[in-house]
Structures are given as C-alpha cells and as structure tokens.
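Please look through the sequence and the three-dimensional structure shown below. The paragraphs that follow lead through a sheet, an interface and a core in turn.

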Amino acid sequence: MNSVVCISQVPDTESRIKIAGDGRRVDETGLKFIVSPYDEFALEEAIRLKEKSAGDVTVISFGPDRVQQALRECLARGATKALHIKGESADADSLGIAKVLAAAIKTIPHDLVFFGKQGVGSDNSLVGPMVAELLGYPQVNVVTHLEVGDGKLTAHREIEAAEEIIEAPLPAVITAQKGLNEPRYASLKGIMAAKKIAIDTKSVADLGLADSDVFNTRVTFVSLELPAEKTGGRKFDGADPAAAAQEIIKYIRDEAKAL
Amino acid sequence: MPGVLVFCEVQDGKLKKTSREALTIGNKLAQAAGGDLVAFATDASVAADAGRYGAKKLYVAKLDAYGTETFTAAVKQVADDVKPAVLLLGGTSNGRDLAPRLAARLDVGVASDVDRLEWKDGKVRARRPMYGGKAFATIDISGTPAIATTRPNAFPAEETGGGAAEVVEVNASSESKAKLIDTKAPEAGELSIAEADIIVSGGRGLKEAQNFSFVRDLAHAIGGAVGASRATVDAGWIDHQHQVGQTGRVVSPNLYIAAGVSGAIQHLAGMSSSKHIVAINKDPEAPIFRVADLGIVGDLFTILPALTEEVKKAKAH
C-alpha cells in the first residue's frame, strides 16, 4: 500500500494574524508555522496503513523553502519519502495548487492520496477534491473512519449531524477530519532517522506546468483585512440566577428576536 | 445574457435554507447584470419554491442520493447548456464537496464560504473569512462561470414574489466509482451547527462531560444546535462536529449563547461574526466578554436551568 499525503504548512492556530504592508497578505514576521492540523490526521492514517501492509508514505508540499520544515516533521513521524515543490504558493489559487500537486502525484506510485479536509488558514477546502477530479479518482471528503483492503476502501463521511458510508475502488482521494485517528508525536528515533532522508525538490516547470496556469490566474487577491474590533457589550451581575435568566430572555426576545 | 445558476438541495420536499439563501444572492447578481436566475435540483416538486426566490427555470436531473461524480456530471451538463456567468452553491457538506470538483472540471476559479458577493468591473468580487475568521479576504473571481459557495446565514433569504420556475428535465446519466452504502441518520433533535440560527455552546466551565446536559437542555428548548469549545472536544466530552472555532466550524448564527466558554482566540474568531452573542461565565475577565453583546457574570449551573425554564414558558405562550 503506497500513499501520498499532501501537506500544507500554516500559521499556528494560536497566533494572532497581522496584515502585511501590501494589504493583501499575512505578515509572516515572527509567525510560527505548523503542519496544518487536519493534515496530521491524513498523515497518521497513511502511516498506519503502511505499518499494516508495507509500502511508502510520500509527503508532498508546495510552497516556499520554509515548508521543508513541515516535511521534515512528517518524516520524523513516519513518512518514508518527501517531495518539496518550490514556489510561492500564496500567489496560486486552489486550482493552481491542485494542478501542481496532481502533476507531482502522477510521478509517484500510489494507491491512496490523502489531504486534510481543509488547510487551516486559507480554509478553502478545495484542493483535495480538485486533485481527485484532475486525476479522475473518486473522492471521499471529511472522513472520520477508513478501512482499506482488496483494492477498495470503505469510508465514513461526515455530513450535517449525520454520517454516510461510502465505498470506492482504489486509487482514491481521502480528506481527513478530526476523529479519524489520534496522531502520534515524532519520537527521538524518528527525528534522527528523518535526518538521513533527503527531501526531493522540483519546480513547477519540472512538472511540465506553465507559471501562467498556476500563479495569479482565475482568482485575484484584492485585500486582506482584520475584522472590526469588538469592544464588548453590556455586563450583568448574575448573582441572582432568576434575574439573570430574565435579563437574557429579554435580550433574546427583544434584540435577537429569536423567541 | 450573464445569468446565474444555483445548485439547490432539497430536504423534506422543500429547498434547504442554504439553497434559498444562495438563490437570494444569485437573484441579486443576475438582476444587476441583466440576466436570468436559474436553478438546478434533483426534484421537480421545488419548482414553486425556487420561483419564489427568483428562479425562472429549474433544471431537474432525476438522480438518487447525492454522489460527487454523478452530480458533477449533471451540473456540468446544465452549466454547458446555460453558460451562466456565475454558479453558486450553498455551503453545505454537499455544496462544498461538489464546488471544487466542478471548478476543476470547468477549469475556473472558485471562492469558498463567501459572506459577500457583488459585481466589480465585470468580475465577481467575493469576501470570505480566512484563518478561522481572524481575517477577511476580498478576492475577484474571473472565468466563466465564476463559482462560489455561500456561507450559511450570510445572505438572508428573501422571497421575490415570482411564480413557479419552468421545469426543464435534464437527461443525466453517468457512472460513479464511489458508491453510497448507508447513511446513519441524525439523532432526533440534533441540529448541525453549520446551518443553525441559534447555537448554545459549552466550554470547560461545564467541568465534566455529563454537564453538557445543561447546554443540550437549553438548545433543545430554544430550538438550537449544540456547540462546543475545542478544550471540551479534546477532552472527549463531546463529538468534534460540535466544535466551533478555527479547527472546527466558523459559524455566524443569529444568536450564539456561550456558557462556560472562556474565549480562546481561535474560538472567538470562529463565532464573533454571530449577530447576537450572550456569554455566561463566572470569570468577569474572560475574553469571551469582549465579543459578547450581553455578558452575564455568574454561575452557569444555576443560570442555565433557570433560562431553560423561562424559554420553555415563553415557547408555551
């Protein structure tokens, strides 16, 4: 069983977001970057499949040089190969990123392609299904449970307050949801072993793609703004529960008009 | 003519709320461009409903349950026929599953989870949250059609007084590699936070898993969904699909009641665009009070039951 796991590197979810001078991007100064949290579930699932049936887990990331750190982290957890596609992914739209990843995936033997259900930060939830379409594969999105065997998979897909059980032949694209598994931490042994693995690098051109089909096309980033700062509203002393309940009811009825 | 096509979903014989919202903003875009609003659905019985929200035509493909591959083929077929300038999908599980697949097949740009849409210099300009709501991006989508998924509750549905949409049958048949084997139905009374008008959320202040009953009781009484902070999900008190925030769902209901939620930065980002926010917390310095319109400093274990009783009384009238 060979898997490819596509990784995006994102600002730590605890970080405050500042806008860069151009008014269109995030100011990366002092920002801590992490492997996108949903990608961790994707990676863990691929590693578990490999541990059951051998094969490779190749992690891929498209982005600037800093993404090598994310790939290194994935190798330390148990991925066996890594590919860094160099490029300013912030200038590419989701379909541009998907085209780059799909082209790269074609060069790697695989039965399954994993993504997180969304890149935490850009929050698009687009690239996984786009890659599935470009490769002509079935997809199961927002997966909370996965079984693989006999050339097919059975996956639980989370939908609004319910779950679908979907069967699909391999190869296929899976996007991972929290709950799929409990991701491991990197062990010291893993970290040492990862240092010996060379990260392969490629450019967009190496993959046979034109910059004009990847960067600054289809979607134009106009501006990035912080939401209006809230100052907080009325405070009420809730020492008397009945009075507090009355105060809330009045608010819900008269202002929210939800009763 | 630069028209708009809206992918509609049907539930219990009616258009889903998110579909009505997508039709509403779709109608505004179509009118501004002097084009028609048309809709896609798999059930002709919603023709009157679609017309009420401005659709002139309803393209109906008789397909069974949702499947990515069959629905992509059917909507693509209608898009090829109608050649809309804009294709909108409500931001449901299925809408978010289908939009990227369609965009890749049509080789066009797409914007996810948008809360504003307008024309700007002949392009569709969209605003969407990023970083779990910590920032908002404005983007222009070029290409025909420009695709967007609409954020639930961002575009209040408005009836236009239009007559029933003209039904156009679509002969769509395609193979699907993926097959739906089973659906585990939702538990009775469980609403999804993604689309709910009202959310009652619990945080670490609940102290233990079983105390989520305080939150559930109020949610059921008021007709809302149960939300949760990341800490409570990580502690295993409640399932992840209830999680609000950057690694859960970004939500914007009409009413958000937070009980025992201190307000970590990633939780605040995920709910502060709610229209009305009530917070109950015993710590007067809790960050949640910064975004609350009404902040109650007090004990949730006595206030929530009192509130639940008051809501029941009010509902009984």
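**A sheet, an interface and a core**

In chain B, seven strands form an open sheet with parallel pairing, in the order β7-β11-β6-β1-β4-β5-β12. Helices (H or I, at least four residues) and strands (E, at least two) are DSSP runs, numbered from the N terminus, and two strands pair if DSSP finds at least two bridges between them. The edge strands, each pairing on one side only, are β7 (110-114) and β12 (166-170) of chain B. On average, neighbouring strands of this sheet are turned by 20° against each other, direction ignored. Axes here are lines fitted to C-alpha atoms, for helices over the stretch in contact, and angles run from 0 to 180 degrees between N-to-C directions.

This is a predicted model, in which local features need pLDDT of at least 70 and side-chain atom pairs count only at pLDDT 80 or more, while totals for chains, interfaces and linings use all residues. Residues are numbered from 1 along each chain as its sequence is written, and chains are lettered from A and ligands numbered from 1 in the order in which they are written.

How many residues of chain A are in contact with chain B? There are 75, and they meet 77 residues of chain B; two residues are in contact if their C-beta atoms, placed from the backbone, lie within 7 Å. On the side of chain A that touches chain B, the largest share, 11 residues, comes from α6(A). A strand pairing also links the chains: four bridges join β13(A) to the parallel strand β18 (residues 294-297) of chain B. There, A:Arg234 stands opposite B:Leu294.

The largest nonpolar core has 183 residues, and those with the most contacts inside it include A:Leu101 and B:Ala39. Such a core is a set of buried Ala, Val, Leu, Ile, Met, Phe, Trp, Tyr and Cys residues joined through C-beta atoms within 7 Å. A residue is buried if 20 or more other C-beta atoms lie within 10 Å of its own, exposed if 12 or fewer, and partly exposed in between. With nine residues, α3(A) gives the most to this core.
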